[in-house]
Amino acid sequence: MRTRSWQSCFLAATLSLTSSLASATIYTYAADLGPEAQGATGSGIVKLKFDDATNDLSIYAGFAGLSGVTTVAHIHCCTAAAGSGTIGVAVTPVTLPGFPVGVSAGSYPALIDLDLASSFTSGFINNFGGGTVAGARTALFAGLDAGTAYFNIHTSTFPGGEIRAFPERVPEPASLLLGAIGIGALVLTRRGRRRL
């Protein structure tokens with residue numbers, strides 16, 4: 001009987017944790033940047049975090065070994081097939097704000113307010129967002145989830161893009177913890193049934 005009481009408490013704690021985690025609003029996407037064109041030598045990483053409560057997108061990119069110097073960087077969306085193809089720029093016309101130009105290695109942190117029309121290209125708002133900023137934001141994150149959005153760094157040697165990646169959703173640590181707790185609850189429940 002004591003085992004069932006302990007299992008009930010464990011289950012209640014798990015359900016309580018589940019309800020608090022359900023309100024999480026940060027979505028993280030990450031990928032390794034690699035050569036996009038034949039002969040490109042660069043590599044790096046990119047990490048995107050979207051807060052759906054504030055509609056802010058934070059970007060971190062680190063890159064090195066480019067065969068040319070940086071000219072612009074963008075987030076493109078939405079290709080016809082996941083993980084491949086090219087498409088027009090989605091986030092910020094011209095280039096990402098403050099992206100370092102004229103270097104072959106560096107890092108880039110930024111915070112972009114996706115409530116602003118200026119954070120998207122007009123083509124993306126009209127063609128993918130149905131003419132609204134909210135629609136563009138929804139389309140961008142649908143593209144990230146579907147694997148049809150990519151981060152691209154262009155260089156003087158490869159003006160069409162030297163390195164890029166299609167970021168994928170990273171499970172939140174809280175989600176991983178919740179999964180582990182669920183597995184633990186299953187194991188304990190099965191052990192308790194065997195004793196009965």
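Which residues form a disulfide, and how far apart are their sulfur atoms?

## The disulfide

C77 and C78 form the disulfide, with their sulfur atoms 2.1 Å apart; the term disulfide here denotes a pair of cysteine sulfur atoms within 2.5 Å. The structure holds one disulfide. The torsion about the S-S bond of C77 and C78 is about 75 degrees, and the disulfide is therefore right-handed. Both C77 and C78 are buried, where buried means under 20% relative accessible area, exposed means over 50%, and partly exposed lies in between, with a 1.4 Å probe and protein chains only.

## Basis of the values

This is a predicted model, in which local features need pLDDT of at least 70 and side-chain atom pairs count only at pLDDT 80 or more, while totals for chains, interfaces and linings use all residues. Residues are numbered from 1 along each chain as its sequence is written, and side-chain values use heavy atoms, with hydrogens and water left out.

## Salt bridges

Side chains of opposite charge can pair when their charged atoms come close. A search of the whole structure finds three salt bridges, a salt bridge being a side-chain nitrogen of Lys or Arg within 4 Å of a carboxyl oxygen of Asp or Glu.

## R164 and E36

The side chains of R164 and E36 meet in a salt bridge at 4.0 Å, N to O. Because R164 lies in strand β8 (residues 163–165) and E36 in the loop between β1 (26–35) and β2 (43–51), the pair ties together parts that are 128 residues apart in sequence. Helices (H or I, at least four residues) and strands (E, at least two) are DSSP runs, numbered from the N terminus. R164 is buried, with a relative accessible area of 18%, whereas E36 is partly exposed at 25%.

## The two pairs that involve helix α3

R137 and D115 meet through their side chains in a salt bridge of 3.0 Å, N to O. R137 lies in helix α3 (residues 133–146) and D115 in the loop between β6 (106–113) and α2 (122–127), so this pair ties together parts that are 22 residues apart in sequence. R137 counts as buried at 15% relative accessibility, while D115 is partly exposed, with a relative accessible area of 40%.

The side chains of R169 and D145 likewise meet in a salt bridge, at 2.9 Å, N to O. This pair links distant parts of the chain, with R169 in strand β9 (residues 168–170) and D145 in helix α3, 24 residues apart. R169 counts as partly exposed at 41% relative accessibility, and D145 counts as partly exposed at 46%.
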